[in-house]
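Student: Could we go through this model together, one question at a time, with the criteria stated as we use them?

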Amino acid sequence: MKSALITGASGGIGSALCRAFAAEGYAVAIHYHAKKQEAALLARDIRDNFGVNAQIFYADVADCQSVNALFDAVEKEMGTVDVLINNAGIAQQKLFTDITPEEWRAMTATNLDGVFYCCQQALKRFMLPRHSGVICNISSMWGQVGASCEVHYSAAKAGVIGLTKALAKEVGLSGVRVNCIAPGVIMTDMMKGFDEQTLRALRDETPLNVLGTSKDVADAAVFLCSDKARFITGQILGVNGGFVI
């Protein structure tokens, strides 16, 4: 049985990713940071409904030693990682001139450094020795085009895109594929702070005139990590309804 490690798995997109890979028969390593109860309930739900192994693992992805401990635990309990989904992330809306150095460091540490730490551990421990594996990084359409009042978020997510492209070139000969999904406006808990007028405006700006769901992102990730995408690497797949073309 193949296994998938999904970071930030207790959130909206993360939980959808876990269920989508479980439906494909993957054992699922569910990473959490603050939401232990939600992660535990998700693991139980996956075991009950999909009949696959699902376990929870704590880490602060912004901390290298914490990520090392995460992979130690996953290796001990799950054996290996065939697929890594780097989904953990934070967001903040703030004027650029008001962003503090601490907020900048927190954003880049979680959204970019965490991807670096997890990719490095997955490659060194599992994928490069076996000449096999798939990494899918979750960026954002704002990493492609930038967003006003989200400069630190946009910069970190743009870094994920650059990392994806460069890493795909480096590890391709080792049989490892690396791709990236850049979601558009996805209706998760992060969107709860937006009023209906703002959501309507975002919907109107989207050529398909609908907003995305977590399942839309999860379905794209399953495809990119499957054998159907065996000739796809270093690519940025926009799941955004046409918002960014």
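Student: At what angle do α4 and helix α6 (residues 151–171) pack?

Tutor: This is a predicted model, in which local features need pLDDT of at least 70 and side-chain atom pairs count only at pLDDT 80 or more, while totals for chains, interfaces and linings use all residues. Residues are numbered from 1 along each chain as its sequence is written, and side-chain values use heavy atoms, with hydrogens and water left out. Helices are DSSP runs of H or I with at least four residues, numbered from the N terminus, and their axes are lines fitted to C-alpha atoms over the stretch in contact, with angles from 0 to 180 degrees between N-to-C directions. For α4 and α6 the axes are 8 Å apart, and the packing angle is about 20 degrees.

Student: Which orientation class does that angle give α4 relative to α6?

Tutor: Angles under 35 degrees count as roughly parallel, over 145 as roughly antiparallel, 65 to 115 as roughly perpendicular, and the rest as oblique. With the two helices packing at about 20 degrees, α4 and α6 are therefore roughly parallel.

Student: How do α3 and α4 lie to each other?

Tutor: The axes of helix α3 (residues 64–78) and α4 come within 10 Å and cross at roughly 40 degrees. A crossing is right-handed if the near helix is turned clockwise from the far one by less than a right angle, and left-handed if anticlockwise; that of α3 and α4 is right-handed. By the angle classes, α3 and α4 are therefore oblique.

Student: At which residue does α4 bend?

Tutor: Helix α4 (residues 101–130) has 30 residues and reaches 41 Å from its first C-alpha to its last, close to the 44 Å expected at 1.5 Å a residue, where the expected span is 1.5 Å times one less than the number of residues. A bend is the angle between axes fitted to the seven residues ending at a residue and the seven starting there. In α4 this angle is about 55 degrees, and the bend is at L123.

Student: Is A109 buried or exposed?

Tutor: A109 lies in helix α4, and its C-alpha is separated by 9.4 Å from that of G89, 20 residues apart along the chain. Buried means under 20% relative accessible area, exposed over 50%, and partly exposed in between, with a 1.4 Å probe and protein chains only. Because A109 has 14% relative accessibility, it counts as buried.

Student: How many disulfides does the count come to?

Tutor: A disulfide is taken here as a pair of cysteine sulfur atoms within 2.5 Å. The sulfur of C136 is too far for a bond, because the closest cysteine sulfur, in C225, is 4.9 Å away. By this rule the count of disulfides is 0.

Student: Where is C149, and what is its phi?

Tutor: C149 is partly exposed, at 31% relative accessibility. The residue sits in the loop between α5 (141–145) and α6.

Student: What is the phi of N209?

Tutor: N209 is found in the loop between α7 and α8 (214–224), and at 40% relative accessibility N209 counts as partly exposed. Although N209 is not a glycine, its phi is positive, at about 60 degrees.
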